[in-house]
Every structure is written in C-alpha cells, then in structure tokens.
Amino acid sequence: MEIGIIGAGAASAAATYVLDGAAPDARITVLEKSGGVCGRAATRRNDGRYYDYGANYLKDDDERIVELVTETLDTTGLASIDEPVYVFDETGTVSEGRDEYEQKWTYRNGLTQIAKRLFDRTDATLQRRTRVETIRRDGDRWELDDTDGQSWGPFDILLCNPPAPQTAELLANAEWDAEIRKKMVEAVEAVPYRSVWTAVLGYEFELDRPYYAVVNTDKEHDVGWISREECKPGHVPDGESLLIVQANHEWSVEHYDDPPAANVADLAEQTAAVIGDDRLAAPAWTDYQGWRYAQPEGAVARGPLDSAEEHGLYCVGDWIPGEGRLHAALRNGLDTAERIVYSL
C-alpha cells in the first residue's frame, strides 16, 4: 500500500501518525513545498528567540487532542500561557471581556513542534521543498509531478492538505477524467478564506500589561490581534518584548503587496495606540509574513469530497470543518486517517 500526501500541515501530520501506526505495511510519502512543517502553525527563531507568527496557540477544545498532546506525545517543553486575552473595539479601547477558562498551549520551541513530534513517531518519508504541480490518475492509482520535473508515486491513496484555494487549483488542473472532479472543484473553490498580514515587532524593553493578548471583537479596527510572545515560557529573553500583530482581512487584502517596511511601520503605530505606549511605534527589530489563505470562514460541502474518497482521494485540513483552529486541523487529520484505515 502506497500513500501519498501533499503538504506537511498539522492535519497531514496527524493523519500520517494514525496511518503509520494502524497500517504498518503502508509506505507513506509526504511532499511539502516549504522547508518547514505544520503549515500556519509556524515558528521562527531569531537570536535565541522563538515566535509563533501564524497560529498563536493550541486550545483545549477537543479532548482527544488534549490527550494526544499531554499524554501520547513527548511533553518536554510543553508550555502553558497563563495570562488572559482582553478585547478592544473600533476606537482601540482595551477592556476585559474574554472567557479565559480555556487552556492555551505552545512549546518552548514553538507550535511547529506538534507536527515535528507526530512525524518523528512514523517511518514516513518527508520530502521538503517539493511543490506538487500536477495530480494525475493512472488507472486506479495516483501519480504526482513536482515543479522540478520529478514524478512521485504511483499511490493507492492520495491526501491533499493545502488550503482550499490551492487544493482547488490542483484539482482543476488534474489529469483525471472522473465526473466527480468538476463538482469537487466547485465545492472546494466555494470555501471562503480570510487573509492575514502579520507584523513581528521586537523591543529591548519589557512591556508590563496584565494580558497575553488583545483581540478586536467588532472587527472594525485595522488590527485584529496583538499578542505578547514573552508570555510563552522560553520564547523571549528577560527584559525584552516581542509582539505578534495580525491585521484584519480588509487591511491585509488592501496592503498585501505593499512594501513590507511600510506595512510594518503602519501596524507598529496602530499597535502603539491600542496598547497605549508610544515606544511601540519604533521596534528594535521586525519580521513579517503574509498569509493569503490564513483561515477558512466556512466549511466545505462534503458530498463531492465523500464521493472522491471512493477513488482513494482524500482532503484534510481545518477547511473541511470550516474552523480555522489548530485543534480542528489535528482532529480532522486523525478522523480522516481512521476512515481510511476502516476502508482498508
């Protein structure tokens, strides 16, 4: 049994973990376009600092994921964020108001550790910096071509983990004549997505605030989220602050292709106004990331995807349930892999 997986996001890491354990005779190949794993649950390192510049933390909304992270996987470096999340409105006024009974987790070395630890428990082949360009159906098996001209497969089962718009593009250009393909493309293309432009702002002083983060609840401010990485154990040296600033969808779309330095400067000034500290307008160092397909805003129509599974083609990711959360991606990967095992 040959299994191919496009993308090394959280969902595919969870699926690989289940498939490797439940189908030990299967050979699994994961093709990832970037040099990292875990998709938008991404971590960077800068001179001893770690920062999660996509997804911010893992929630405890799913008992199975809690068990996976706290009992099954290695818990070395697992860290809790204890400070609350406050809210702010269109005017930038900050106040309490977020239910903080939820547990928030990351790792001392960042959220990407979740996928790394899942893949490390398998014998799967993880091929990084390999961008899949073409999906091809050959008889009753699948083959893949990458942008360097190399072919992969054939695979008995294929999983697609990219965000819905990128999965739709792959399926639209696939060499596969099945009637279900067109309906599948239409369903996946219809999944709405939110774009997020992220600024990373580093400071050589420690910010004193009672909260871990502030979130804009009325969605009328240019900034949607500001969080303090120094609240995560092991992420930021003592005496420093590191802010993750995520713009809202409208601002992100409008400024996505603008010069990054201008975007960072704008978001730094707005951050200073929201937090109430003029020093924040002049960070000591910065970083940034544009997430064109950051979070799904709705679930996919499942009918065409269910029909495609009869051909050995599966889609995984947070856009399947339509919940842009790390635990949702992990849960979908686990559930989909178990369905594959059952079908075998």
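This is a predicted model: local features need pLDDT of at least 70, side-chain atom pairs count only at pLDDT 80 or more; totals for chains, interfaces and linings use all residues.
Buried here means under 20% relative accessible area, with a 1.4 Å probe and protein chains only.

Residues are numbered from 1 along each chain as its sequence is written, and side-chain values use heavy atoms, with hydrogens and water left out. Strands (E, at least two residues) and helices (H or I, at least four) are DSSP runs, numbered from the N terminus.

So what does β16 sit against? On one hand there's strand β7, residues 85-88, which runs parallel to β16 and is joined to it by four bridges. V85 stands opposite A213 there. Then there's strand β17, residues 223-228, antiparallel to β16 over three bridges. A213 turns up again, with S227 as its bridge partner in β17. The β16 and β17 hairpin has six residues between the strands, and K219 in that hairpin takes a positive phi near 55 degrees.

There's also an open sheet of three strands, in the order β5-β9-β6, with antiparallel pairing. Two strands pair, by the way, if DSSP finds at least two bridges between them. β5 (58-59) and β6 (78-80) are at the edges with a single partner strand each, so one side of each has no neighbour in the sheet. β5 pairs with β9, residues 104-107, over two bridges, and L58 is opposite W105 in β9.

Next, D145, which is in strand β12, residues 141-146. Is D145 buried or exposed? Buried, with a relative accessible area of 17%. Its side chain makes a polar contact of 2.7 Å with the side chain of S151. For a polar contact we take a pair of N or O atoms within 3.5 Å; within protein, one must be able to donate a hydrogen and the other to accept it, and residues adjacent in sequence count only if both atoms are side-chain atoms. Leaving aside neighbours within four places in sequence, D145 is in contact (heavy atoms within 4.5 Å) with residues including R131, E133, R136 and Q150. R131 is 14 residues away along the chain, and the C-alpha atoms of D145 and R131 are 8.6 Å apart.

S252 is in helix α6, residues 249-255. S252 is buried too, at 0% relative accessible area. A polar atom of the S252 side chain lies 3.5 Å from the backbone oxygen of A247. Beyond neighbours within four places in sequence, S252 is in contact with S195, V196, W197 and A247.

Searching the whole structure gives one cavity of 30 Å³ or more. A cavity, on a 1 Å grid over the protein atoms alone, is a set of points where a 1.4 Å probe fits but cannot get out, and lining residues have an atom within 4 Å of a point.

Note on methods: On a 1 Å grid over the protein atoms alone, a cavity is a set of points where a 1.4 Å probe fits but cannot get out, and a pocket is an open set with protein on both sides within 12 Å along at least five of seven lines; lining residues have an atom within 4 Å of a point. Grid points are joined across faces, edges and corners, and a volume is the space filled by probe spheres set on the points. Buried means under 20% relative accessible area, exposed over 50%, partly exposed in between (1.4 Å probe, protein chains only).
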